[in-house]
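Trainee: Please take a close look at one part of this structure with me. I would like to see how its pieces pack.

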Amino acid sequence: MSTITCVGLTKSFGTTRVLDRLDLAVPDGAVVTLIGESGSGKTTLMRLVAGFERPDAGTITLDDDVVDSAQRFVPPDKRRIGFVAQEGNLFPHLTVAKNVAFGLPRAQRSSGRVRELLDLVGLGDLGGRYPHQLSGGQQQRVALARALAPRPRLVLLDEPFSSLDPALRSSLRADVMRILRDQHATTLFVTHDQAEALSAADLVGIVGDGTVRQLATPETLYNQPADAAVAKFLGDANLVDGTVDRGAEGRGVDHRLVHTALGDLHLVAGRQPFVGPATVLVRPEQVVPHRLDDTHPSDPATGRVVDRQYFGHDCMLVVSTGGGRSVRVRCGGQDTPQLGDAVALSVDGDVVAWPAPATDAGTTDAGAAPARAQARTASA
Amino acid sequence: MLAGISVVVVVALLTPLGLIVAQAVQAGWGDLWSLIDRSFVAELLWNTVRLAVVVTVLSAIIGTGAAWLTDRTSLPGRRIWAVLLIAPIVIPDFVLAWTWTSIFPSVHGYLGAVLIMTLHLYPLVYLPMAGAFRAIDPGQEEVAQSLGLSRPAAWLRVSVRQTRSTLLGGCLLVCLSLMAYYGAFETLHYQTFTTAIFGELQTQFSPVSASSLSLVLVVLSLFVLGGEAVFAERGRLQRAGPMAQRAQTPIRLGKATVPALASVAVLVGFALGFPLALVVYWMVQGGSSGVPATLSVTSAAGYTLLYSALGALVAMLAALPVSLLAARYRNRWTSTLERSTFIVQAIPGVVIGLALVYLTSHYVSSLYQSPEMLVVAYAVMFFPLGLVAMSSSVTRASPRLEEMGRSLGKGPLATRLTITLPLIAPGLAAAFCFVFLSAATELTATLLLVPTGQQTLATQFWAYAEQSVAFGAAAPYAAVMIGISIVPAYLLGRWFDRRFAEPGQPSMLENLT
């Protein structure tokens, strides 16, 4: 399998700029998911990589071969890139076996490769069927087998599971990912499902504003998103106003504190230091609710549960902390506070903060800030 | 390039219309107006309109009723009835009129025309309505019942309501076809625009007068086409996905079974059984005509096959680029281009024939009464049928599938041959059959354009049928004409069945209107 590198990809449709100087590097054998709002250009990126469309500017390199640049264009049939589309796009006039054999050289069509692939996707006996005789999940399995048959250098999956029902979807996804890893297939996988993006990938890329805003491992992306927009996009997020204290500088880089309405929180180590107003990311599962009677004197925030969704394994609370502010809290499924209960909140673990947008420039004075700290909630 | 070819095709299609206008205004606008503004034209208008309205309403009632019986009820033998009810489409209007008048001379004039036209045209409503009834999701009626509607009320307000645009499309075809017919009206001694146009040409030798009448007829047809567009609902049948649709439970007829069977049997008997029996009867009777045949049945059949097949081929090849353009580069401009070709549907064969006669006699006399012009006439007249027949297949052959072929390592040409061509082939075949069937039974334009010294089955039949004594001599031509229509008609029927078996596809008439 292979690496793929995109540099400065730009593509407009009419006056709409869909991709804007996009850079992306996918290492050999990695499964990379791309996630973004609909219309963010994910599918366009896939179509450019496959060679179905040409970029206005930029280069695409597969291993060491430039497959698309201002000087050179390798047509899709010469790229050896497998493509699995949302609708499967099986050839309706061909049987399952003939669909899978389509991309194979004539000599290999009866060599057992077709059977091998159908077995791989668990459809060994259905070679004689026509696509319309298969369920949606089976069609997607055939589409994957067909894409893998000619041993492509790269596999592109364009929201392949989005037309399936949720139960089928996660089991098929697990199967497909296992197959792709077994084949050591470099894979680009577009989705708009967060759980899918995080659970399936070695690396996750957030696509927005026509570019890849962050490409990182799922853990890094979730715990240390590059900016507030990425944080909101991936998972539930409380974005809380705070201030990084100038006085904290003396205590060394690893012991920075940020003052917020939820208390003084430790910043994650190893990030670009800054001083002044900040936007702080507190994930709901970092917030711990306590009963009011065993309140620690150090718990800075109290509030009342105004919404409660119970999922069994966990529970999502919305706690109103007064003044129109509220905090989302994810807690364990046992002994959870009830609707209307008064609770005190504390924060577990380190947090990530970014310098607040310039609109707060008037309140850079460090000492006064914690009092006007605000909590907002955001759910992606 | 696709766009360029398409524009050329559309311009060629609309040329006859321009030629007719050119010929009519040759004499000057004042003279043209004096030719149109006379009581004769008013009488023709009245004759055409009162016939069109009554026949359209009757066809709508009979066609919808028959479709309901065969596709929603427990009518015994409904699959066979379904075939028999469509079959009258293979009997040309002038043959149907001739068989009835040959035995019942009292079938003539207005009432005769109503009878013959209704028997001939109701399949144009029956065919799409049967498809529409079959495509309706029974779940929707169940929802309506759960909301408190009785079963008949649910049927009326949900299912019938949804088929309205299909019904309107069928009525449009009935109306336009009726206004274009010539042979049946001549036989029935009922004066319409087409018979008057022929009269002006053959007895008055007045092409300008004929053109002026043609203009009125075209305006009337365009008026019908436009009126349908105003009334038609733009919303298509909303159908759930392929897996969501369950089979419908037929409505039990119970005591109504016998009357239902009887009415379907009478309809099929009058529209199909009677004319077929009469053709056979007159063939057996034989009898000398007194008029020697210009051509034997076999040579006439040869010309019919040749010109119809060539016309179908040309129409098919011309429709392909327009269809591809409209399906793949869908925007306002390409849809307008595609739709503008349906104007041709409103131009009767006699007008196209007249226009081509004018063109060849004035500008390219080497092509006057040449085989090429007859083929062109067929291709132009039946182009919309070809376009409609292939559009669903062309849509099915999505460019996404071609891309998939490319990504699997096949070059552009190999992809087109192994994916696109097999997918559009059924549509091409349907287009060919449709045009062939229509051309083989075409009389009006053929009479004007048939090459000197040649006859097709239709024109030779007509030569005998016009002399009301030569029944026995005319019958074999009618029999062969019906015979060679059956194969394409059967193939079309199969194609229709398949088409409507795929849920989620817009019906053919929805495409047309």
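Mentor: Begin with H8(B) and H9(B), which are oblique to each other. Angles under 35 degrees count as roughly parallel, over 145 as roughly antiparallel, 65 to 115 as roughly perpendicular, and the rest as oblique. This is a predicted model, so local features need pLDDT of at least 70 and side-chain atom pairs count only at pLDDT 80 or more, while totals for chains, interfaces and linings use all residues. Residues are numbered from 1 along each chain as its sequence is written, and chains are lettered from A and ligands numbered from 1 in the order in which they are written.

H8 covers residues 138-146 of chain B, and H9 covers residues 151-162. Helices (H or I, at least four residues) and strands (E, at least two) are DSSP runs, numbered from the N terminus. The H8(B) and H9(B) axes are 9 Å apart, at an angle of about 125°. Axes are lines fitted to C-alpha atoms, for helices over the stretch in contact, and angles run from 0 to 180 degrees between N-to-C directions. H8(B) passes H9(B) in a right-handed crossing. A crossing is right-handed if the near helix is turned clockwise from the far one by less than a right angle, and left-handed if anticlockwise. From H8(B), the contact uses B:Gln140, B:Glu141, B:Ala144 and B:Gln145. H9(B) brings residues including B:Arg151, B:Trp155 and B:Val158. Contact here means C-beta atoms, placed from the backbone, within 7 Å. This contact has four nonpolar, three polar and three charged residues. Ala, Val, Leu, Ile, Met, Phe, Trp, Tyr, Cys and Pro count as nonpolar, Asp, Glu, Lys and Arg as charged, and the others, Gly among them, as polar.

Now look at H5(B), residues 93-103, and H14(B), residues 257-285. Their axes come within 9 Å and cross at roughly 70°. H5(B) and H14(B) are therefore roughly perpendicular. Their crossing is left-handed. B:Val95 and B:Leu96 are among the H5(B) residues in the contact, and B:Phe274 and B:Trp282 are among those of H14(B). Eight of the residues in this contact are nonpolar, two are polar and none is charged.

Next come H1(B), residues 2-25, and H17(B), residues 349-362. They pack at about 70°, with axes 9 Å apart. So H1(B) and H17(B) are roughly perpendicular too. They cross left-handed. B:Pro16, B:Leu19, B:Ile20 and B:Gln23 of H1(B) meet H17(B) residues, including B:Val351 and B:Tyr358. The class count is 10 nonpolar, one polar and no charged.

Last, follow H15(B), residues 297-328. At 1.5 Å a residue, its 32 residues should span 46 Å, and its end C-alpha atoms are 45 Å apart, which agrees. The expected span is 1.5 Å times one less than the number of residues. H15(B) bends by about 25° at B:Ala319, and B:Pro321 follows within four residues. That bend is the angle between axes fitted to the seven residues ending there and the seven starting there.

Notes: Contact = placed C-beta atoms within 7 Å.
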